[in-house]
Amino acid sequence: MARLTEAGFLSHPAVLVRAGAVPGWAYAIENITSRAPAHLAALSHGTRAYTVFRSVNGEHEVGYAVNGRVLAYYQPQVGHSAGAGGEPGVPGFGYCGEEPPDVAFLRFLEREHGIHVSWEAFRAPLPTAAFARGS
């Protein structure tokens with residue numbers, strides 16, 4: 001939580017964040033809005049970070065950063081990378097279009113890194129914080 005707070009991830013008003021951990025990884029699930037893409041570099045200081053985003057409009061974006069440097073952030077269905085140095089995308093992740101891009105990316109994280117947040121764990125009591133702008 002300290003790393004998320006320092007990165008500014010928890011500073012947006014009217015945000016609900018659920019945080020937890022799986023072996024070797026910490027994760028945050030943010031409802032209502034998404035601050036993770038804007039803070040991907042900060043979240044990755046001293047480590048690596050991934051982000052997956054799906055908007056209510058059906059937009060899908062994935063990102064990857066290592067030690068404070070965003071190497072890829074793009075829409076998998078478009079195949080365009082906004083990463084530094086013209087990186088083609090998230091290393092090891094290829095999107096074939098058989099399922100929604102965010103689902104494909106979560107499957108990739110599970111397969112490559114063992115990051116799996118079960119539906120039961122998502123619904124179970126986890127550290128949760130709600131934030132609202134004060135008057």
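Mentor: Let us begin with a term: accessible areas come from the Shrake-Rupley method with a 1.4 Å probe. Keep in mind, too, that this is a predicted model. For this protein the accessible surface comes to about 7,900 Å², and 53% of that belongs to carbon and sulfur atoms.

Trainee: And what share of the residues is buried?

Mentor: Of the 135 residues in the protein, 36% count as buried.

Trainee: Which strands make up the open sheet, and in what order?

Mentor: The open sheet has three strands in the order β3-β4-β5, and their pairing is antiparallel. Strands β3 (48-54) and β5 stand at the edges, and because each has a single partner strand, one side of each is left without a neighbour in the sheet. From one strand to the next, the twist averages 10 degrees.

Trainee: What packs on that sheet?

Mentor: Helix α3, residues 101-113, packs on the sheet and touches β3 and β4, with its direction making about 155 degrees with that of β3.

Trainee: Going back to β4 and β5, how many bridges join them?

Mentor: Five bridges join strand β4, residues 60-66, to strand β5, residues 69-74, and the two run antiparallel. Within this pairing, Ala65 stands opposite Val70, and Val66 stands opposite Arg69. The hairpin has two residues between the strands, and in it Asn67 takes a positive phi near 45 degrees.

Trainee: Now the aromatics, how many pairs does a search of the whole structure find?

Mentor: The search finds seven aromatic pairs. In one of them, the rings of Tyr50 and Phe108 have their centres 6.3 Å apart and their planes at 75 degrees, so the pair is edge-to-face. Tyr50 lies in strand β3 and Phe108 in helix α3, so this pair ties together parts that are 58 residues apart in sequence.

Trainee: Are those two buried or exposed?

Mentor: Tyr50 counts as buried because its relative accessibility is 18%, which falls under the 20% cut-off. Phe108 counts as buried too, at 1% relative accessibility.

Trainee: Which other ring pairs with Phe108 in a tilted way?

Mentor: Phe105 and Phe108 form a tilted pair, with 5.5 Å from centre to centre and 35 degrees between the planes. Both lie in helix α3, three residues apart, about one turn of the helix, and both are buried. Ring pairs also link Trp25, Tyr50, Tyr64, Phe93, Phe105 and Phe108 into a cluster.

Technical notes: Residues numbered from 1 in each chain as written. Predicted model: local features only at pLDDT ≥ 70, side-chain atom pairs only at ≥ 80, totals over all residues. Heavy atoms only, no water. Pairing = 2+ DSSP bridges. Helix = DSSP H or I, 4+ residues; strand = E, 2+ residues; numbered from the N terminus. Axes fitted to C-alpha atoms, helices over the stretch in contact; angles between N-to-C directions. Contact = heavy atoms within 4.5 Å. Buried < 20%, exposed > 50% of the residue type's maximum accessible area, 1.4 Å probe, protein only. Phe/Tyr/Trp six-rings, centres within 6.5 Å; stacked < 30°, edge-to-face > 60°.
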